[in-house]
Amino acid sequence: MEFYEKSLNTLELPAVLRMLADEAVSDGAKEAAMQLKPSTEKAEVRRRLDETTAAKSMMVVNGSPSFSGIKDVRPSLSRADLGGTLNTRELLDIARVLQCSRLVRAYVSGDRHEKTCIDFLFTALRANKFLEEKISSSIIGEDEIADGASSELSNIRRKIRATGARVRDTLQKIISSPSYAKVLQEPIITMRSDRFVVPVKAECKGAVQGLVHDISASGATLFIEPMAVVKANNELRELAAKEKTEIERILAELSADCAEYADDISSNCNLLTHLDLIFAKAKLSYKLDCQAPELREKGLVLRRARHPLLDRAKAVPISLELGVDFDTLVITGPNTGGKTVSLKTIGLLSLMAQCGLHIPADDGSSVPVYSSVLADIGDEQSIEQNLSTFSAHMTNIVNIIKECDENSLLLFDELGAGTDPAEGAALAIAIIEYARKIGANVAATTHYAELKVYASTESGIQNASCEFDVETLRPTYRLLVGIPGKSNAFAISKRLGLDSEIIEDARRRVGSENVNFEAMLEKLEQTRLMLERDRDEAAKKLREAEENAKKASFLRAELAVRLEKADEKSRREAELIIADARRTAEETFAELDAMRRRINDEQEAQAVNEARSELRRRLNESESKLRTAPTRKEESDKTPTREARAGDTVEILSMGVKAEVLSVNPDGSLELKAGIMNVKAKQSEVRVLEGQTAKKRVGVSSGGSALRSHAVASEIDLRGMESLEAVNAAEMYIDNAVMGKLKTVRIIHGKGTGALRAAIQQMLKRNKLVKSYRLGRYGEGESGVTIVELK
């Protein structure tokens, strides 16, 4: 597959892989990115794409995990496993790999993390915090071991510091002594051969007893170790040797620890490198605004695809299908119009997907898994190899024919060019037919009119063209599938400055058949432009219609909200009227209670009870009517027909109760008698009931037997009612029970969820007529009833 490797370079896959390597962090991942090859196994391609998609979704929530500090420590681990001692640099690299493994493993430990197909790579990491901290605490830097690496090392260094201080003290006394002032070159303490010395003048060397370790370049200064510090310096040398031995022992111990966990650390190194590469793919996907393509068995579908190496702001996207309804695409059009870029985009995006990379195209794009993508693109003529343009192209085509199969994608640039046009066109058609018989997908660019006709008349082959703006004489780089293109050689030559006389002469020399064909293409182009304008205008009108529909929908919703608010306002007003009526009734009830206390006769008390019940019933009827939100027309029916006079029967509008007019006050207000109650009202608050005669007297004793026949029951059953309905019924019942002189009543509300019981007991808690209440005992209904004691 030597030519396949050449095609990868031709389609610029290595340039994309370099972009991928730039997104990786570790050297291992960068190297793996550059060595990435397209897979020909569908399951492997799907796995690679799923990994990239999973990493991209994880980056949205948690960002990218840190892979800094990853080094390839496998050679060091192999040497440690053989008993070798690692240096501080190698041990620190291992510690950083362990630290990175621990942090990356924790990347997926949060509650917000959703399960993905790469979770197992994170959980497979083996953290070893003990070994990580042991190395980090023992080695401060590449050239420094910490005192706390071992107790022995700490003890040795403590002795070194003490001995060194003793030496410096002794030498300080010497250089500070007046007797040595003339002997010393300078009053300083320095080091020679790791021993403390003082600089002595050469002519005074006999004045200081000791060992000479060095002489200055001029010979004027001798560096002498005084005899007083020789023993201490010897001790320092011995301690330094012990320190070195202890450091070597510590490094050997740490190396042995690393060898013990070599398999886990090597596995971590591999996993981290793989994860780094996966997240590098995700970063590149974000950088190029890519999407994950779908995989399909046959055929390539690209939606607004862009070449990844072109500037996103300037690149013109292309949309096409190949291998779905047709297996060959013949692309025509002017030079520099984008034909070659279209070919490279088709091939490169297919290779990127097979490498597990997302492609710069819109959703809905899908690719098959090709066994090979083979391309003959560019002019490879070579004087050194004695290859002309035609020979170079034909050499590539021969290799393509040898290596292709039914699952190959073949890309030909300027197929058949570089030789006699008639022979070249015939050869191009024959090559395409041969590739189609094998079953390969073919995309080819050409300027030959014969190939345009061939693509227009042969089934399974489709024309395409790169659009050219004849008004500006510039290419637009748009790929138009289904329409053959003109080469526009005359127009381009004119734009480049060729004399018009030469161009007209060339027009006259073109064959009539070719002229007719080009004229037909020009008419097709004009028709296409007209259809596109119509389509754009229709799309504009459709967008306007959709906008109008949205506005109408918004206005309807706003109107509905306003109507709902108006209805709610009417209901609130009705509720205020009901509340006012209730307050009036409560005041009346208070007066009745006072009256009841003055009445001793049982019959009269019963009449009062009945009158109160009747008033409560009518009040509730009025409330029910108000809640139905009566229309203004209905409200207008209750306006007074004329001013009421003494003796008239009227209806109190706010209560819906009939009453007799006793008298009319000087201020126009009315004194009314409603049952046993005396009520004062304004003329606007009543309506005269025409044709009804008021009773001369409403006595307490009238209908006494009927009142007594409606004695209040000792219990009420509220089961099956809503909470609000049950509370109202219970309030009315308690009022009637009090008027009926009942001391204890039973309210049946059932067990159920307990909501109704809670609502009833809340009402009882605030009712002034209730003395106490409790749940029923055994035999009374238990928690399904409430026993109420009235005042």
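Strands E4 (residues 195–201) and E6 (residues 221–226) run antiparallel and are joined by 4 bridges in this predicted model, for which local features need pLDDT of at least 70, side-chain atom pairs count only at pLDDT 80 or more, and totals for chains, interfaces and linings use all residues. Residues are numbered from 1 along each chain as its sequence is written, and side-chain values use heavy atoms, with hydrogens and water left out. Helices (H or I, at least four residues) and strands (E, at least two) are DSSP runs numbered from the N terminus. Within E6, Ile224 is the bridge partner of Val198.

Helix H9 (residues 151–176) packs on the sheet and touches E4 and E6 (contact: heavy atoms within 4.5 Å). The direction of H9 makes about 10° with that of E4; angles run from 0 to 180 degrees between N-to-C directions, and axes are lines fitted to C-alpha atoms, for helices over the stretch in contact. Helix H10 (residues 230–260) also packs on the sheet, touching E4, E5 and E6, with its direction at about 140° to that of E4.

The open sheet comprises 4 strands in the order E3-E4-E6-E5, with antiparallel pairing (at least two DSSP bridges between two strands). Strands E3 (190–192) and E5 (210–215) stand at the edges, each with a single partner strand, so one side of each lacks a neighbour in the sheet.

Elsewhere, helices H1 (residues 2–10) and H13 (residues 389–403) pack at an angle of about 120°, their axes 9 Å apart. In this contact, Glu2, Phe3, Tyr4 and Lys6 of H1 meet Asn396, Asn399, Ile400 and Glu403 of H13.
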